[in-house]
Amino acid sequence: MEKRQLLYEGKAKQMFATDDPDLVIQYFKDDATAFDGTKKSTIASKGVVNNACTEIFFRLLEQDGVETHFVERLSDREMLVKRLDIVPVEMIVRNVMAGSLARRLGLDEGAPLSAPIVEYCYKSDALHDPLINRWHVTVLGFAKPEEIDAMTALTLRVNEILRPFLAARKLLLVDMKLEFGRHHGRILLGDEICPDTCRFWDVDTGRKLDKDRFRHDLGDVAEAYHEVHRRLSSPA
């Protein structure tokens, strides 16, 4: 597989073309940003950990019938993936009151929700990823009604698969952000699943093992990321 020109660079990843127009290489960086890029730093080996965690999650999901863009992990920082036309809608699934949901409702973090909540955000750094609803998604042409239905169902399915897998490893899946794209007309799960895109809390202590340690200056950020990977790699 020949690695060619840089196609896109985001806050945490780079995407490179290959000699196959259907495949691209996703490169995971150590750069860390928060609060729409106003807070920036690097986290040692973050890209390596996120690449490895994403592979574990995507392989698990593929085994359970969820189609993803994952093809194979090429190196510590590189993953070969199917080329997607990304839908500009971030799918957020929440199992516990936390983050922006807690702030919007004026409630304390930590209360479990009686059922998962799915939220949609318009993927736009310039607009701070505003919360939208399915009317915005369909009327503004971000996705067709059947596509948003598929993404919602897949988001709940991913949540249903990952929660017990993580719980068996003493990790509580508080919430996570998922992104989807079109590949030859099919909706596939794309992007990554890792401590950058999820909130993971230790089941016994409530200790945060995710990007919130960076956001809120809690310290031991790299150690928390490595701890997540260690647990994911271990048998239940």
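The model is predicted. Helix α1 comprises residues 46-63, and helix α4 comprises residues 145-167. Helix α6 comprises residues 221-233. The crossing of α1 with α4 is right-handed, whereas α1 passes α6 in a left-handed crossing.

**Helix α1 against helix α4**

- The axes of α1 and α4 come within 11 Å and cross at roughly 120 degrees.
- Angles from 65 to 115 degrees count as roughly perpendicular and those over 145 as roughly antiparallel, and α1 and α4 are therefore oblique to each other.
- On the α1 side, the contact is formed by Ile-56, Phe-57, Leu-60 and Leu-61.
- On the α4 side, the partners are Val-158, Ile-161, Leu-162, Phe-165 and Leu-166.
- The residues of this contact comprise nine nonpolar, no polar and no charged ones.

**Helix α1 against helix α6**

- The axes of α1 and α6 lie 10 Å apart, and the two helices pack at an angle of about 30 degrees.
- Angles under 35 degrees count as roughly parallel, so α1 is roughly parallel to α6.
- From α1, the residues Lys-46, Val-49, Asn-50, Ala-52, Cys-53, Ile-56 and Phe-57 take part in the contact.
- They meet Tyr-225, His-226, Val-228, His-229, Leu-232 and Ser-233 of α6.
- The residues of the contact between α1 and α6 divide into eight nonpolar, four polar and one charged.
- Ile-56 and Phe-57 of α1 meet residues of α4 and also meet residues of α6.

- Helix α4 has 23 residues, which at 1.5 Å a residue should span 33 Å.
- The end C-alpha atoms of α4 are 33 Å apart, in agreement with that expectation.
- The buried residues of α4 are Glu-147, Ile-148, Met-151, Thr-152, Thr-155, Val-158, Asn-159, Ile-161, Leu-162, Phe-165 and Leu-166.
- Val-158, Ile-161, Leu-162, Phe-165 and Leu-166 are among these buried residues, and they also meet α1.

**Lys-11 in its loop**

- Lys-11 is located in the loop between strands β1 (3-9) and β2 (13-18).
- The relative accessible area of Lys-11 is 36%; a residue is buried under 20% and exposed over 50%, so Lys-11 is partly exposed.
- Leaving aside residues up to four places away in sequence, Lys-11 touches Lys-29, Asp-31, Thr-33 and Asp-125.
- Lys-11 and Asp-30 are 19 residues apart along the chain, and their C-alpha atoms are separated by 9.5 Å.

How values were computed:
Residues numbered from 1 in each chain as written. Predicted model: local features only at pLDDT ≥ 70, side-chain atom pairs only at ≥ 80, totals over all residues. Heavy atoms only, no water. Axes fitted to C-alpha atoms, helices over the stretch in contact; angles between N-to-C directions. Helix = DSSP H or I, 4+ residues; strand = E, 2+ residues; numbered from the N terminus. Left-handed = near helix turned anticlockwise from the far one by under 90°. Contact = heavy atoms within 4.5 Å. Nonpolar A, V, L, I, M, F, W, Y, C, P; charged D, E, K, R; others polar. Expected span 1.5 Å × (residues − 1). Buried < 20%, exposed > 50% of the residue type's maximum accessible area, 1.4 Å probe, protein only.
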